[in-house]
Every structure is written in structure tokens, then in C-alpha cells.
Amino acid sequence: MSAQKTLSESLKKNLIPEETKDIVVSWYKIMDEYNIKKNNYYSSNTNIQSDLDKVLLNATYIYKMLCANWTINAICGMLGNMYIESGINPGRWESGIPGGDSGYGLVQFTPYPMGVGAPNPYIEWADYYTYRHDSLLFQMLYLLLALQDGHGFWFHNKKHPEYSMTFEEFKTSTQSPSHLAAVFQFCYERGGYGSMSMRQYNAEEFYKYFTNGTTPKLKDSLGNYVQYIYL
């Protein structure tokens, strides 16, 4: 879960800001490659774990969006975190109940300040541009904007200097996926140690999948291998 600040004017300034144009171009290339419609990705507002094929579909879209500018190590470090947060499901609510004050989406964008009635900065941003809340593309656009220097969502973690990087250092790093999963957790998600080893384990599983096609055996936040429900 990411502690988020309220929506800033700097995140509203452009429909497709300069920092995110590459990802928009990548998305349309993916559409052409797969001959798919704009929203052909998996999304559900349930917290029931989807089947592995749907997880890998969304993970592959994210990988293809980012691979021109990120290392595979960094992508997989982030995916290891996303899997624990949402199952890489952009429609997932933390509580399993749509609406309310809980986290939402790929990285569980969280209301700020915490409490009843607090605004969710991602949903505010999506509403500002009349974007679908559960859009995989627009959640990734928002995330990349939020991670840019000056927006205040990526922090150096002084308590864990071994996992502290700038965002630019993170996305171009060739350190191990497990190490970069910890960096993403401490610098962005900031969720503590509870599920750290599972985030790191899943990051390595995604790395094996994207480098040699090995089917990943993913773990949930309690360290159990996920039993998939095929819907």
C-alpha cells in the first residue's frame, strides 16, 4: 500500500505529459502487435486471485510498456511488489469492496491523509481527465508521473540506506530483481518488512519468466503458493 499525498496541480498539467509519452507509444505498439482492443487486459473489482494466465497477461503488458527505458531487473522488482499489492489487477480494491477508503489498483493507491472521506489521489486524477478508474494504461501513466522527481511519492529511505536509490537509479539498475523489489518497497510502497521476502521471491519468479519462459510459482503475502481460481 502506498501512502499518497493529495493530488497536486503538477499532476494535472497535461493530458499526456512529456514524461509519459513513451509509455503511450508503447501501449499502442502493444495493441498493434497483439491486434487487441484498447482495454483488452484483465481487471476485476474482486479480491479473489485471478488465474495465472491473466496475471501474466497484465505483467507482460507492463513489461512491454517499460522495457525500452527500464532494465528487466527493475521491471520485475516492481512486478514483485504489484503482485503482493493487487495480483497485478488494476480493478482490485484492498477491502474487496468497491469504493470506500481503502487502497485501489495495481499498487493500491491509497487515500491521503488516511481516514474516512479522504481523497484517493489516483481516482481524483482519473476523474479529472475522465479516464476509466481500472485502466491498466492510465494507472501506469499516473504511477510514472507520481514517481518523477518533484512529485513527492518516491522517498529515500534513511532507515534502510542499503535500499535507497533515486527513481532514475532504480529504473536503470542492474542489481538483482529481489534487491530492487526491496528498493521499490522501501522507497515507494513503504509497507514494512511483513511481506518483503514474498515481494522479493515473486520478483525473481517474474525475472525467470521474462528471461527464459519458466512458469512462475508465485506466493501471496503470507508466503503461501497461490492456488489459482480459474474464472
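## Helix H7

In this predicted model, the buried residues of helix H7 are Pro177, His179, Leu180, Ala181, Ala182, Val183, Phe184, Gln185, Phe186, Cys187, Tyr188 and Glu189. With 12 of the 13 residues of H7 buried, the helix is largely enclosed by the rest of the structure, and what covers these buried residues includes H3, H5, H6 and H8. H7 is followed by Arg190, whose phi is positive, near 55 degrees.

## The largest nonpolar core

The largest nonpolar core holds 59 residues, of which Ile62, Met82, Ile88, Phe170 and Phe206 touch the most other members. Two or more residues each come to this core from helices H2 (52-66), H3 (72-86), H4 (121-128), H5 (136-147), H6 (167-171), H7 (177-189) and H8 (196-212), and H5 gives the most, with 11 residues. In soluble globular proteins, nonpolar side chains tend to be buried together.

Leaving aside residues up to four places away in sequence, Phe170 touches Trp70, Ala74, Met78, Trp154, Met165, Leu180, Val183 and Phe184; of these contacts, Leu180, Val183 and Phe184 are also listed among the buried residues of H7.

## Helix H2

Helix H2 has 15 residues and reaches 21 Å from its first C-alpha to its last, close to the 21 Å expected at 1.5 Å a residue. At its N-terminal end H2 is capped by Asp51, a side-chain oxygen of which lies 3.1 Å from the backbone nitrogen of Asp53.

The buried residues of H2 are Leu52, Val55, Leu56, Asn58, Ala59, Thr60, Tyr61, Ile62, Met65 and Leu66, and Ile62 is one of the residues that touch the most other members of the largest nonpolar core.

Definitions and conventions. Residues numbered from 1 in each chain as written. Predicted model: local features only at pLDDT ≥ 70, side-chain atom pairs only at ≥ 80, totals over all residues. Heavy atoms only, no water. Core = buried A, V, L, I, M, F, W, Y, C linked by side-chain atoms within 4.5 Å. Buried < 20%, exposed > 50% of the residue type's maximum accessible area, 1.4 Å probe, protein only. Helix = DSSP H or I, 4+ residues; strand = E, 2+ residues; numbered from the N terminus. Contact = heavy atoms within 4.5 Å. Expected span 1.5 Å × (residues − 1). Polar contact = N/O pair within 3.5 Å; in protein donor to acceptor, adjacent residues only side chain to side chain.
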